[in-house]
Each structure stands twice: as C-alpha cells, then as structure tokens.
Amino acid sequence: MILSWEDNVMIQVQNLKKIFVTKHVETSVLKGISLSIPEGQFVAIMGKSGAGKSTLMYQMGLLDHPTAGTIEIDGIHTDTLSQNARTKLRLNSLGYIFQDYALVPELTALENVMVPLLMQGLSKEDARRDALAALVKIGLGHRHGNLPSQLSGGEQQRVSIARAVAHKPKIVFADEPTANLDNAASKVVIEIFRDLHAQGQTIVMVTHEPEYTTYCDRIIHLDDGLVVSDEIRKH
Amino acid sequence: MKSFLIDCRVGFFLGLRQLYRSSIWTTVLIMFIMTLTFLNLVVISGILVGLIEGGNIANRKQYTGDVIITKRAGEPSIERTPELLATLENMPAVERYSARYLKGGSIEANYKTRKDFNALPDTVGAQIAGINIAKEDALSGISDYVVEGRFLDPDSTGEVVIGANMLRRFSSAFGDGFDSLDGVYPGDTVKITVEDRTKEFRVVGIVKSKVGEVSFRTYMNMNDYRTLANSTDLNASEIAIVHNGIISDEVLKNMLVSEFGAGAKIQTATEAIPQFLNDIRTAFSLLGNVIGGIGIIVASVTMFIVIFINAITRRKYIGILKGIGVSGRAIQGAYILQSLFFALSGAIIGTIIIYGLLVPAFAANPLDFPFSDGILVATASGTTTRAVLLLCITLIAGYIPARMIVRKNTLDSILGR
C-alpha cells in the first residue's frame, strides 16, 4: 500500500546530478535523481558500494553542492542560498549522524550535544539542560561528563544521535550509523531511530544492511547513480 | 550583532576546552616559546640600551648630578659663583651640590727612587680638582669608588686622591694612548705642578670609576688647591646639583638659567650626556629593534605553524562543526582565543621574569662594559608596547591558518579529502 504524505513534503529533489572531477577524470556519481520525502518519514537509502547513496545524502543534507538539479528543504530552495544561509539552515533544520560518530574529541558528551544548542542562541544553562535531556533520552545521562575517548563505539554513536536531535531538527540524516558497531550496539541505535520516528521525526538513513531497515517506511535503492527501486512499507 | 555575540560565545566555548584538554606538554612548550619570544623582544634591546643607560646613570650619580653648571665657552670659570652657591644653599628644591675648581697640571711620581737622571721623569698630565670634600662626597658618593687606600678627610691637608686612569696598572686597558704613572700606591708621595708652582702631596687613595671625569682627575681639598694654583678666584669650574625629586631637572635648570644663565652653561644631566653616547644609544636601540623585529617574525611564524598544524590535524572536526551548523567565525574565534592565550601567557610570564628576576639581577650584577656598568632597561611603556605588538602579530598569525582551514569545503574536511 502506498502511503500518502504529499501535503507535507520535507525534501524535494529534482534531477539531481553530481559529477566529481579529478584532474582529467570525470566521475558521474548521481545521474539525475528526483524524489520527495514527506515529513515524518523514515527513509533508508540502500545500494552497493559506489552506488551514490552517501553522495545523495550529502547533497540533501547541504554538506555539498550538486553539479545540477535542485533541492528544497521544507519548502526552501537551497540552490540559491549563500554559504551562511546554508549553515543556518543546517543548524536549525538538519541533524547529522556520521558513520564514525564524529564527536569533537576535546568536548565531553554533554558539551558535544550542547554545541548546536549554543549556536542557536540558547544560554549555557538552557543548552546544558536540553543537552542533558537528550542524553538521558538515549540512556547516556550518567556518561555526560565523559570524553569521547572514554566511551565505547555504541555510546559514542548514541551521543552523536543526541547531538543530532537535541536542537529538534526537521530532518535527521544518518550515514551508515551502524557500520562501525557490533550487533547489540547497532540494535540499540536502530531502536533509538524507531523511537524518534515514532515521535514524528523525519529520518534519512544510508545503510547497506537490510536487517536494520525493519522500521523504515520507505527503502530507496540506488545503483550507479540512479534510483532503481523505491519501496514504501506499511507497518 | 546577536549572531556575532553567539559566534564569540561558541568560539570561546570551543577554544577554552581545546586549550585545557589538549596535551599539557604541548601547551607548556608553546607557552615557553612565546615567553622566550617576548623576552627576546624586551631583553635584547633592553640590554643594548642598558649598556648606555648604565653609563648615563653613573654619569648622573657620580659626576653631573641632576643639573650641572659649567663655564661658558671662552670663559675661565662660572661667573658669580659665590652668589650662585648662596642661591643654591637657600633653594628648598636643592638637596645637595658641589662646586669643583679645576686646573690643568702635572704629576710626577717615583722621583725619590729615580736613578737615571738622563731619562725623562715619570710624569703625567692631570686635571687637578679642588673640592669641598664633604659636599663632593655627599653629592657623588666618590668615597665609594676608592679602590685602594681611603678618601680625603674633610680636614686633611697635603693629601690627594688620584684617579685610577692616571696609573698604569689601572689604565693598561687603554693601551698606550695615555701617559700614566708607574707603581703609585697609597702612602707614596707625588709632586704636583700647576702652572709654575710645585708642591709635594701624599697619595692617600686611588679612586676608580667608569665615569671618565672621575677616574682622570686628582682630588685635593680647596685650601691645598688654592695654595697650589695660587688662585684667589672664587669662581668655580663646575657645579653639580642634585634636587629633592619634587621638581624635574628641567624646572631646576630653568630656575637657574633665568638668573645665572648669562654667566654659565647650565644643563640637565640628560643634556650633558656626550653626543657620542646618545648616538651609540640610538644605534643600539635600532639594533635592538631589528633583533626584536626578527623575534616578532619568528613568533608569528611559530604561531602560524602551531595553529596551522593544530587546525590541519583537526580539519575533520572543523568540517563536522561546520556541518552541524557552527559558523566559520565561531571556529576561527576558537583558534584566535588560543593564539591570544599563548601570546598573553608568554607576555605575562615574560613580564614576571623581566621585572621579578632579570632587572633586579642586572641591577645587582651589571654587565662589566668598558665605559659603563650595563643594566637591563625595561620601561613599563616599552614593555607594554612590545606585549601589545606580540598580541597583535600572534592574533593575525593564529587567524590566518584557522581561516584557511575553515574556508575549505565542509564535506572535503569531514571526509579528509
């Protein structure tokens, strides 16, 4: 059954192309992708290595500029935005979870989560309160004073999730969030995603592990820079 | 404005934590380098200037006082000296003074043991100074510079103290440029001739100072001087004056010039410094600034490299911070804060070392320079200027590499491309 989220489109991608140019070699990674992701949808982007899934996520997450095509985030045309405006949009509307956790090593778990909140203009006390709440929510309230080096991989990834969602973004992008984790830690992370999704969070997750797409509403398969299947699921 | 303040706050938040959670040894090493750089800036030029300044201070203390009055060119002495001395005696601002009466003459030594009367006598040309012994010692502390024997007693007669530069054993450093006497020691007698009058004196002491005017003179009391020089002239050759510190040298000078300027040359201690010393001071200052300038360049390159390496090794995290919405300005602020910390800590530690250790150490153990006792000159204004200069240069040197890294593509930074 195809679900209808047509009224609340969060991401709209039109004919997206990305070509990497290295010296004299041009590599076309995305070859004209069009898709729309409604608000509250949990989307998995799958495909084999080199299919273009991470590249697609980086374009949609405004971490990179596409070679051609347009991206709208919550109705905002991003292709004409200045660098500062893109940064502000990322700060206020997007959250990121990276494969290698990407926590700042000199900051504690709590401080890592506080950074986007401080950038949003919250006072230190408010940022601390919200960050702590986010950590408690993912079961790491007791580790808030630990540096990343004092946390396990699974714990670091959970801190990374807390950082991605503490400022209540409209979309969370996760790039292979379980790739570096063992089974148990991966399941914990996926459960957190399920909870976030249950609260209405829009999530775009890149993965190549089908077992972790159980809770996804939709699975988009890429191959050679093109969408080869777009499967909507009903739970 | 609001976003600027937020950027500053986040920059401070990130920078502070990077500082106190980075390697303590790296932090200490960078602080050490910045301290050395600051010391290089202040101390090298301070010592070079101090070589001359030490001479100037000694000149003021032992010879000129705060204001010195000498005869006008072409005149034999200071006009209206008695009236001038009476005025000085009654001026509350004048703490002490000494009038000196000078005449050229010669000293003959070893005449009692002379065997070959065909050879030239052991004679040297000398400047004979008649002084009020108590006043001169109070003004210049000349007795402190007696290296052999003792200084003249206030009521001594028939006694002299000879400047060390008149004696060969002290003046060998000058080579053969000056005539000097052999083997004159306290207790020996010498013949002193002024114009055509000769008198025998007993040497009671040798005075040695790096101030040439002190070490090249032979001192005796006023009565002996008048007898020897057959002089009834009460006008002195020079008068050195020390004020009470409440007024400046310039003010005292102007007070005296208005009344006695026509018959005497009145100069502050600074004005009386020989031009060649001022020229050396200027040259040394320039040299110090050049060396300091090189130090500044080294400091800025050091800071550039430190921040650049710091930023390049953290490029991935800079990319991530940008990715999660931290502005480039906030990230640059974090690195500027670190530069500021290193420059400030270098300046503060350097200042403590300079004023707590080096300046007192140089004052207690001056550099033994041929014409002065070199001290370390570190004025508050000069030190502050150099600290501000170091801060500015370091901030720029810290900002540039941070900006270079921050401006790189966010995704390339995150992925390490």
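This is a predicted model: local features need pLDDT of at least 70, side-chain atom pairs count only at pLDDT 80 or more; totals for chains, interfaces and linings use all residues.
Visitor: Why is B:Asn56 called buried?

Guide: Its relative accessible area is 9%, and buried means under 20%, so B:Asn56 is counted as buried.

Visitor: Why is B:Arg281 called partly exposed?

Guide: B:Arg281 has 27% relative accessibility. Partly exposed is the range between buried, under 20%, and exposed, over 50%, so B:Arg281 falls in that range. This arginine is found in helix H9 (residues 275-313) of chain B, and touches B:Val49, B:Ile52, B:Glu53 and B:Asn56, not counting residues up to four places away in sequence.

Visitor: What separates the C-alpha atoms of B:Arg281 and B:Leu48?

Guide: A distance of 7.9 Å, although the two residues are 233 apart along the chain.

Visitor: Are B:Cys392 and A:Cys216 buried or partly exposed, and what makes them so?

Guide: B:Cys392 is partly exposed because its relative accessibility is 41%. A:Cys216 has a relative accessible area of 0%, so this cysteine is buried.

Visitor: And what makes A:Glu106 count as buried?

Guide: A:Glu106 has 14% relative accessibility, and the limit for buried is under 20%, so the label applies. A:Glu106 lies in the loop between strand S6 (94-97) and helix H3 (109-119) of chain A. Its contacts reach both chains: among them are A:Glu111, A:Leu147, B:Arg17 and B:Arg314.

Visitor: Why is H3(A) called mostly covered?

Guide: Eleven of the eleven residues of H3(A) are buried, including A:Glu111, A:Asn112 and A:Val115. The buried residues pack against helices H2 (83-93), H4 (124-137) and H5 (153-165) of chain A, together with H1 (2-21), H10 (315-323) and H11 of chain B. Just after H3(A), A:Gly121 takes a positive phi of about 100 degrees.

Visitor: What makes a nonpolar core, and which residues have the most contacts inside the largest one?

Guide: The members are buried residues of kinds such as Leu, Val and Phe, joined through side-chain atoms within 4.5 Å. The largest core has 86 residues, and those with the most contacts inside it are A:Leu135, A:Phe193, B:Leu14, B:Val326 and B:Ile354. Helix H11 (residues 328-364) of chain B gives the most to this core, with ten residues. Apart from it lies another core, of 45 residues, B:Ile69 and B:Ala264 among them. As for B:Leu14, its contacts include A:Leu107, A:Val115 and B:Val326.

Visitor: Finally, what makes the largest cavity a cavity, and what is its volume?

Guide: A 1.4 Å probe fits there but cannot get out, and the volume is about 70 Å³. The search of the whole structure finds one cavity of 30 Å³ or more. Its lining includes B:Gln62, B:Arg100, B:Glu136 and B:Tyr219. By class, the lining has five nonpolar, two polar and four charged residues.

Technical notes. Residues are numbered from 1 along each chain as its sequence is written. Chains are lettered from A and ligands numbered from 1 in the order in which they are written. Side-chain values use heavy atoms; hydrogens and water are left out. Helices (H or I, at least four residues) and strands (E, at least two) are DSSP runs, numbered from the N terminus. Buried means under 20% relative accessible area, exposed over 50%, partly exposed in between (1.4 Å probe, protein chains only). Contact means heavy atoms within 4.5 Å. On a 1 Å grid over the protein atoms alone, a cavity is a set of points where a 1.4 Å probe fits but cannot get out, and a pocket is an open set with protein on both sides within 12 Å along at least five of seven lines; lining residues have an atom within 4 Å of a point. Grid points are joined across faces, edges and corners, and a volume is the space filled by probe spheres set on the points. Ala, Val, Leu, Ile, Met, Phe, Trp, Tyr, Cys and Pro count as nonpolar, Asp, Glu, Lys and Arg as charged, and the others, Gly among them, as polar.
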